[in-house]
Amino acid sequence: MTDFKKIEENLKKEAKRLLESGEVTVVLAYGKGFDEKHPMPFAAKSVADVDNIVFNEYCNYNMARYLVRYPQGTKIAIAVKAADSRAVIQLIQEEKIKKENLVLLGIPVIGMKNPKTDEVIDSKTTCGMHNPVLYDVLLGEEVHGQKIVSPYDVLAEYEAMDKDARWQFWKDQFDKCIRCYACRKACPMCYCDPCFIDQNKPKWADKAPQSPGNIMYHLTRFHHLAGRCIDCGECSRACPVDIPLYLFHKKVAKECEEMFNQVSGMSIEDKPVLVNFRVEDSDKILE
Amino acid sequence: MSRIGVFVCHCGLNIAKTVRVSELAEFAATLPDVVVARDYKFMCSTPGQEMIQRDIKEYKLDRVIVTACSPLMHEKTFRKVIENAGLNQYLLTIVNIREQLSWVTHDIEEGTAKAKALLNGAVYRARLLAPLTSRVIDVNPDVLVVGGGIAGIQAALELANTGTKVYLVEKNSTIGGHMAQFDKTFPTLDCSACILTPKMDAVLQHKNIQMLTYSEVTEVKGYVGNFDITIKQKARYVDHNKCNACLACTEKCPGKGVSEWDEGLVKRKAIYIPFPQAVPQKPVIDRESCTYFIKGKCKLCQKVCEQKAIDFEQQETFSTVKVGAVIVATGYDLMDTKPLVQYGYGQYPGVYHSLEVERLFNSAGPTGGKVTLRDGKEPQSIALLHCIGSRDKNYCEHCSRVCCMYSLKFAHLFKEKTSADVYQFYIDMRAAGKGYEEFYNRLIEEDVKFIRGKGARVTDSEEEPGRLIVEAEDTLTSKFLRVPVDMVVLCPAIVPRADSKDLARLFNLSTDKQGFFMERHPKLAPLATMTEGVFIAGVCQSPKDIPDTVAQAYGAAAEALTIVVKDKMELDATTAMVNPASCCGCQNCVRVCPYSAPSFNVDKRVSEINEALCKGCGLCASVCPTSAIIARHFTNEQVLAEMEGLMEF
């Protein structure tokens, strides 16, 4: 199992070094919350802040969410777990951030837990990877020898449903939605300002937390994240009414991978798949 | 409040047979804001146009809806109609009830109902339309011709003779194309070289033509009137400015390559000109077969060159030309017949394809015009197999159109040059063309044996080793035939160039099912393409003979001229614009635009659109997650209103 204490030590050490040397002006990591189970996203801006940094099995926030909030050119160090590093890669692909302004503090980890349920987060609700895809400094030992599980296995039950059953399933789920937009807030790829749902001209959907508007909001958000979602699962964990948003994202990611043979956030050389034309692309999408 | 006029066209019976047009007009009259609705047999005719103009004045219309054919067909016509009546041309809405409606149903109930829904949507949209102003741009007066075959040569000459500057790009080291490989041309049997080589020379001499041989187009930017085209000059390793075409180098060269010009029938040197009448008559070095490039030493050519023209360090270079219009005339390839193993091409030395035979007949060819087999013997019997890969559902469905006629030409030449028996295995003889049927009749009299049945298989003869057996069913007598011959000539399908897809992508051309470039309209715009300012001529559009190709070349030249003779031209006002307040900086628009119109302003972190480059396709607006991009004439509000109208039904 992962030695969380060791990672926390290394994280503090690296943060201190980077801030002291002036190599970065901010370190995006995790800070103390009101108890151990509820650490908080934390931006350390000075050496004094470093003492506040923690790392434990509940630090599942995707800190890549905060990268686009800083002005272009800010030197940032960021703690990244596997899916978080993919979010960083995807943001680099979309030219929202530049690699040269970043120091990626890679955290290989196994056994992260959902504070709400205390369940271990695995391939069911995230991409199921353990090691960061891209990093500058590694804060622990890489995880190897784990059984490799496809992140799409969890779809079996969903895919077994027919069209009507799926529609009913999502209608029921979206009926629960209270439009708190926590999913949007938690998502590292939801950086649009303004979000389409906040617009009035044209008004794409009703803003009240009722069925048709809810469906419009979620389906459009799914559509906007197609080929971009890196499957960190933060939207589903952020949801106060437990809508399994990850199911839809995984389904779209699977289709996308089958059709275009590209997985989001795996290489900074890739181009965002749905807005990139390659001659060898499958025409299946037109059928 | 708008004042909308609705004009329903019958299009003869084209629309009226599956849409109750008068009912549609009556329905239109009941819709809010519609002040007049009429139907008429041919709305695009003069009385129809006058009716619209009269109503605009009489009823003070400020919106006009024409429910008729596709806007591709007559949008321009009707825009002019309303503009002449004093309305802004963008206040017109076309509802396509022909291509997308009456032609795709047999059910008049269904057709009428759909027409009503579409019309209702159009009324909703028309209310929100805004007057727009067309853009006026400068036009570059030069023209680019891609492909130096007979089509490209003819088009270039025509344009140059009007005083237009022409860039002629050819990927081979000589212009001339396939026609230069032929010996005789059907049906008159005049010598190909005699009619082509003077034209090649005229291109070389013409002061208005800049010939760019051994070159390829690698990038196309811009739009009609203002194309920026990047051309790659492949490394020739010979400085053509210094070379005086003494060709001493080609004599001394020890390298051996396969002669592409002679269809691989003979070898050529590594430094070579493809054939003696090549234009320009200056050699190039083929890296693949050059001893120096393979082994690192030799340079014999450099030693014998008094002009010091050989330059082994030469690199490919890129240059950009600016032109107002482009003619694509890239010709064809023959289908590779090796995968059709039943015909034994590549397996039996006696099996040839038609271009090889053209070279055999040619006095500048590998045999000096003598018809001999690969072993040097003269064939005693020859079979010509039509439709190899053409008219064949397994390969190419299309008819390659020239094979019947060149097979007759071959038969005539075989009779002239050998004493062989000649068999034609055909499905149908297609001899439509001036003098073609007469030529066919002449060949029947020349004792050529015509067998109506497609050659099914070529095998080697067990009784007489070296001879071939052609198997076929004679469909006139319903008998299976096994005809022993010495030589088999396959007439393979004419297919698009192997790299035509790349070219289509460069110029944004559509291709048909077979991969030939699509014309804008098969009858009314056969040389124009969907890309404004890019025209096509010759076999790259579809298989055709030399007379048709030349006619198209003249036509394409005229089409290109209509653009470049004017200093200025009007472009559609239907472009996209960015609302910077809503732009989230995702750059999706930058990535999807085929015309590079949007660019990202790094300081402001928003996209900006260069309207001169924008064609108004709307891709950017559709991928914009924050609706920051507004496609003029197709704004979100207009499209949503139209959908609302549609969904009322």
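The C-alpha centres of domain 1 and domain 2 of chain A lie 24 Å apart. The domain assignment, which is automatic or taken from a database, places domain 1 of chain A at 4–138 and domain 2 of chain A at 153–286. This is a predicted model, in which local features need pLDDT of at least 70 and side-chain atom pairs count only at pLDDT 80 or more, while totals for chains, interfaces and linings use all residues. Residues are numbered from 1 along each chain as its sequence is written, and chains are lettered from A, with ligands numbered from 1, in the order in which they are written.

The contact between the two domains takes 25 residues from domain 1 of chain A and 24 residues from domain 2 of chain A; two residues are in contact if their C-beta atoms, placed from the backbone, lie within 7 Å. On the side of domain 1 of chain A that touches domain 2 of chain A, 10 residues are nonpolar, 8 polar and 7 charged. Here Ala, Val, Leu, Ile, Met, Phe, Trp, Tyr, Cys and Pro count as nonpolar, Asp, Glu, Lys and Arg as charged, and the others, Gly among them, as polar.

Between the chains, 13 residues of chain A are in contact with 14 residues of chain B. The chain A side of this contact divides into 7 nonpolar, 3 polar and 3 charged residues.

Chain B holds an open sheet of 3 strands in the order β24-β25-β26, with antiparallel pairing. Strands are DSSP runs (E, at least two residues), numbered from the N terminus, and two of them pair if DSSP finds at least two bridges between them. β24 (455–460) and β26 (479–485) of chain B are the edge strands; each has a single partner strand, so one side of each lacks a neighbour in the sheet. Strand β25 (residues 468–474) of chain B is joined to β26(B) by 7 bridges, and B:Glu473 has B:Phe480 in β26(B) as its bridge partner.

Technical notes:
Helices (H or I, at least four residues) and strands (E, at least two) are DSSP runs, numbered from the N terminus.
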